Amino acid sequence: MFTYTVRRILSLIPVLFGMTLVVFAIIHAIPGNPAQVILGQRATAEAIATLTRELGLDRPWYIQYFDYIGQLFQGDLGTSLRTRGPINVEIWPYLAATFELTLVAMIIAVIVGVNAGIISAWFSKSWFDYVAMVLALVGVSMPIFWLGLMEQWAFSIELGWLPTTGRENVRDPISAITNLYLIDTLLQGRFDQFWVVVQHLILPSLALATIPMAIIARMTRATMLEVMRSDYVRTARAKGLRMFWVVYKHSLKNAIIPVLTVIGLQTGLLLGGAILTETIFGWPGIGRYLYDAIAYRDYPVIQSGILLIAAIFVLINLIVDLLYVFVDPRIKYNK
Amino acid sequence: MAELAKNAADILVIPAEEKLTPPWKEALKSFYKNKLAVVGLGIVLFFIVIAIIAPLVAPYGFKEQVLADRMQAPSSKHWFGTDDFGRDIFSRILYGARISLWVGFFSVLGSVVVGTLLGIVAGYYGRWVDAIISRVFDVMLAFPSILLAIAVVSILGPSLRNALIAIAVINIPNFGRLVRSKVLSVKQEEYIMAARAIGMKDSRILLRHILPNSISPVIVQATLAIATAIIEAAALGFLGLGAQPPEPEWGKMLADSKNYITQAPWTLFFPGVAIMLTVLGFNLMGDGLRDVLDPKMKQ
């Protein structure tokens with residue numbers, strides 16, 4: 001296990017370097033003068049020259065790349081052209097907001113998706129199975145940004161049940177400790193604010209959870225159907241074990257590996273999906289940060305945002321890979 | 001002796017009704033048995049027909065603005081209502097089908113061509129060629145796809161054409177890996193060794209033998225990828241990185257209408273339904289094709 005973990009981590013090094021190259025290329029592959037593109041057509045020659053110097057674009061590209069890598073190793077993600085602030089400082093609250101949103105979305109997706117898949121397999125070819133699988137198919141085919149807009153229209157505008165945008169009540173701001181507002185409000189004993197945060201979380205997390213939920217449900221159903229046909233399940237049933245335990249204890253354990261892969265992949269993809277959801281719901285997360293950066297052509301922020309999300313994606317996949325061994329001890333990585 | 005030969009001939013004659021059906025006919029038959037797949041095919045054909053005949057059936061032009069008719073609710077005059085410029089949403093959706101299908105087909109075609117070529121070369125030649133191509137794929141797959149698309153469009157600049165290129169680029173590794181793994185198994189087959197033994201050129205082996213025998217999972221994956229590409233194009237359009245005004249791209253229509261959600265929710269409803277139905281059609285068709293062409297992948 002230890003050797004495998006080390007080998008798996010080492011295999012990430014070329015991937016991470018490749019990622020920095022792609023991200024580095026974002027500015028350098030812009031046709032023409034990047035500084036001109038960033039500042040627009042009306043920029044003065046002086047402003048263009050200043051920005052060129054500021055971004056280090058007047059030096060050979062390989063020196064710029066090594067400088068960039070050096071800065072990354074020191075935790076320096078550059079300076080935002082829009083706010084003039086250091087990105088590594090200003091990105092954290094956004095990252096925390098996205099983390100909170102994606103975590104809640106993933107919890108919803110896993111709980112609903114896995115259970116819907118299990119019940120569909122358990123009562124295969126029943127009305128529940130058909131309805132759940134049709135819903136899953138529709139869920140996979142739905143653009144989440146449209147779903148988000150429809151939720152907003154139905155539950156905020158028409159019914160007035162939930163807030164339309166944002167993360168907190170602006171008239172009663174939350175004093176951030178960890179920037180994870182669910183935790184911060186609890187730490188401060190502000191249960192009224194906690195409820196406000198929950199209300200703000202419901203619509204965006206449901207929108208974000210839809211696609212992974214549908215994919216997890218389909219995958220769980222497929223693997224559970226296969227496992228439930230196996231001999232040991234029949235034996236367990238023949239011994240008179242209750243169906244509930246056969247399904248949730250014996251079958252699920254053996255069906256969980258492919259589901260875990262999907263969960264890992266989907267968690268990473270949620271980070272991409274967050275850009276769209278956060279844009280719709282005015283959620284101040286990293287997706288929104290990137291969206292604003294795109295609108296302002298704030299290339300250092302675009303670079304750092306993409307790199308950070310991709311790095312987290314890679315890290316999640318690594319964790320999922322390592323988790324396999326704990327979930328299924330039959331997997332031996334030492335060989 | 002003559003009698004023996006006659007008996008042998010009798011044995012070898014296959015009765016007409018027992019003749020083997022060609023594989024494509026078998027595949028077609030089992031595809032049509034899958035009701036959901038047929039529904040999917042129906043939806044896809046419906047949107048293709050709409051895209052082709054849009055100028056003939058659309059009651060208004062997609063750019064036609066009647067400011068006096070701004071944000072009209074659905075009516076007999078404007079079936080799906082009008083947007084904030086007084087443009088007919090029904091007509092724009094009909095024209096929008098052209099854009100979405102065009103982006104879907106051609107971006108996937110680009111990914112299939114480049115991905116298949118790279119996958120074949122990596123799988124067939126192995127060694128350092130494989131190592132380099134596979135590492136490039138690893139890096140590309142390390143990015144959530146929409147992010148990589150944003151990165152590519154950030155470089156090229158926002159436009160529909162660049163969104164198409166971005167979607168094509170991000171899907172290359174999916175096809176490349178698929179073909180590579182298939183080629184790795186196909187190249188061990190005896191007929192490939194035989195082809196090599198008789199001195200056939202690599203290019204001929206690759207194009208005449210390995211490619212046709214590695215292509216069926218690609219067809220399945222391509223159908224499903226069109227669905228994803230349509231959503232990705234809409235997402236880029238929604239973020240302002242794809243189609244630019246006044247093009248009636250469905251994602252862009254959603255982005256333009258999101259500020260009028262309170263006054264004119266229909267401007268959001270219909271483009272979203274159009275995206276969902278098209279994507280659903282391709283997903284259903286892709287699932288059906290997978291069951292027929294690649295039963296091992298069936299889950």
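**Helix H4 and annotated spans of chain B**

Modeller: In chain B, residues 136-157 have end C-alpha atoms 23 Å apart, and the span is 82% helix and 0% strand; helices are DSSP runs (H or I) of at least four residues, strands (E) of at least two, numbered from the N terminus. This is a predicted model, in which local features need pLDDT of at least 70 and side-chain atom pairs count only at pLDDT 80 or more. Residues are numbered from 1 along each chain as its sequence is written.

Biologist: What makes residues 136-157 of chain B a "transmembrane region"?

Modeller: The label comes from an unreviewed UniProt entry, which also lists 36-58, 99-124, 218-243 and 263-286 of chain B. Such annotations may be inferred rather than shown by experiment.

Biologist: Why is B:Leu117 called exposed?

Modeller: Exposed means over 50% relative accessible area, with a 1.4 Å probe and protein chains only. B:Leu117 has 52% relative accessibility, and therefore counts as exposed. B:Leu117 lies in helix H4 of chain B, residues 89-125.

Biologist: Where does H4(B) bend?

Modeller: The bend is at B:Tyr95, by about 25°, taken as the angle between axes fitted to the seven residues ending there and the seven starting there. Just after H4(B), B:Gly126 has a positive phi of about 60°.

Definitions and conventions
Chains lettered and ligands numbered in written order. Heavy atoms only, no water. Buried < 20%, exposed > 50% of the residue type's maximum accessible area, 1.4 Å probe, protein only.
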